[in-house]
Amino acid sequence: MADYTFPDDLTAAQTRLHQATAELAALCRSLPWSVEPMDGWEGETHPHTGAVTGGRPASPGWTDEEKAAVDRLRAECRTLSATVTVHEHWAMYSGEDVYKARQALKAATRPSVVPVVDVAAAA
């Protein structure tokens, strides 16, 4: 892969986009399966093994703080995505070179560890 030099503001935006996306994914994995309170349902028992598959426990829904944290992170991800996508730096490339440069930026700024998100701090 060719060596690329990226402006600091573009690198910072892409780095934060990686972080915000990982924070949003971690937060969503930690939340109940339904945004609103919802009854659960029982799974089905396999006739030969007795293993139960499917089903869900009741969901208490998300708190207002959890909803606000998800909304804030989604909005930040959208804003950062737009910032990175329309950055003036990309005008210096054409054709598949734009794609290659964008992939190089993503690889150069990708964090090595997925953060753990505290819902109260994220809100």
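User: How many aromatic pairs does a search of the whole structure find?
Analyst: The structure is a predicted model. A search of the whole of it gives a total for aromatic pairs, and that total is five.

User: Is the aromatic pair of Tyr4 and Phe6 stacked or edge-to-face?
Analyst: The ring centres of Tyr4 and Phe6 are 5.9 Å apart, with 20° between the planes. Planes under 30 degrees apart count as stacked. The pair of Tyr4 and Phe6 is therefore stacked.

User: Is the aromatic pair of Trp33 and Trp41 stacked or edge-to-face?
Analyst: Between Trp33 and Trp41 the distance is 5.4 Å centre to centre, and the planes make an angle of 80°. An angle over 60 degrees counts as edge-to-face. The pair of Trp33 and Trp41 is therefore edge-to-face.

User: Is Phe6 buried or exposed?
Analyst: The relative accessible area of Phe6 is 14%. Buried means under 20%, so Phe6 is buried.

User: What span should the 14 residues of helix α3 have, at 1.5 Å a residue?
Analyst: Helix α3 covers residues 96-109. The expected span is 1.5 Å times one less than the number of residues.

User: Within what arc do the buried residues of α3 fall, seen down its axis?
Analyst: The buried residues in α3 are Val98, Ala101, Ala104, Leu105 and Thr109, whereas Glu96 and Tyr99 are exposed on the other side. The buried residues line one face of the helix, because they fall within an arc of 125°.

User: Which helices are included in what covers the buried residues of α3?
Analyst: The buried residues in question include Val98 and Leu105. Their cover includes α1 (8-30) and α2 (64-85).

Terms used: Residues are numbered from 1 along each chain as its sequence is written. This is a predicted model: local features need pLDDT of at least 70, side-chain atom pairs count only at pLDDT 80 or more; totals for chains, interfaces and linings use all residues. Side-chain values use heavy atoms; hydrogens and water are left out. Rings of Phe, Tyr and Trp (its six-membered ring) pair if their centres lie within 6.5 Å; planes under 30 degrees apart count as stacked, over 60 as edge-to-face and the rest as tilted. Buried means under 20% relative accessible area, exposed over 50%, partly exposed in between (1.4 Å probe, protein chains only). Helices (H or I, at least four residues) and strands (E, at least two) are DSSP runs, numbered from the N terminus. The arc is that of the directions from the helix axis to the C-beta atoms. Contact means heavy atoms within 4.5 Å.
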